[in-house]
Amino acid sequence: MFVACRTEELPPGESVRIHADVPVAVFNADGEYYAVDDTCTHQDASLSDGFLEGCFVECPLHAAFFDLRTGVPTCLPAKRPVRTHPVTVEDGLVYVHVAVPALE
Ligand code: FES
């Protein structure tokens, strides 16, 4: 578990990239916090640079959409899910719980 940021540093509609065992993108989707591996599974775009729409993020390079709740892509060209990480908020801090090894 690590602290990603303070809640006021991540307002609704914004994202931040954190370096854990791999880069992790943390999103505030209308008050709900989500964390996924930052690197798109299609190529190497950074999902934290993507476009947030509800609880979905659009990859900035080729426009694949990922569901932040599951990591599953909802359209091509991405076919593989990104890894998701539980997020908790306590005392104004956003915590990311990286629990499983990165996918190869
Ligand atoms: S790099 Fe993300 S869709 Fe191509």
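## About the model

Everything here comes from a predicted model, in which local features need pLDDT of at least 70 and side-chain atom pairs count only at pLDDT 80 or more, while totals for chains, interfaces and linings use all residues. Residues are numbered from 1 along each chain as its sequence is written, and side-chain values use heavy atoms, with hydrogens and water left out.

## Overall build

Let's start with the fold: the protein has 0 helices and 10 strands. Helices (H or I, at least four residues) and strands (E, at least two) are DSSP runs, numbered from the N terminus.

Along its principal axes, the C-alpha trace spans about 40 × 30 × 20 Å. Of the 104 residues, 41% count as buried; buried means under 20% relative accessible area, exposed over 50%, and partly exposed in between (1.4 Å probe, protein chains only).

## Nonpolar cores

Now for the inside. The largest nonpolar core has 16 residues, and Phe27, Val36, Cys40, Leu47, Cys59, Phe66 and Leu68 have the most contacts within it. Such a core is a set of buried Ala, Val, Leu, Ile, Met, Phe, Trp, Tyr and Cys residues joined through side-chain atoms within 4.5 Å. Strand 3 (23-29) and strand 4 (32-37) each supply at least two residues of this core, and the largest share, 3 residues, comes from strand 3. Apart from this core lies another, of 11 residues, among them Phe2, Ala4, Val24 and Val94.

Val36 is worth a click: beyond its neighbours within four places in sequence, its contacts (heavy atoms within 4.5 Å) include Val24, Phe27, Leu47, Leu68 and Val82.

## Two residues to look at

Asp67 lies in strand 7 (residues 65-67) and is buried, with a relative accessible area of 9%. Its side chain is joined to that of Arg69 by a polar contact of 2.8 Å, meaning a pair of N or O atoms within 3.5 Å; within protein, one must be able to donate a hydrogen and the other to accept it, and residues adjacent in sequence count only if both atoms are side-chain atoms. Not counting residues up to four places away in sequence, Asp67 touches Cys55, Phe56 and Val72.

Leu61 sits in the loop between strand 6 (56-58) and strand 7. This leucine is partly exposed, with a relative accessible area of 48%. Leaving aside neighbours within four places in sequence, Leu61 contacts Gln43 and Ala45.
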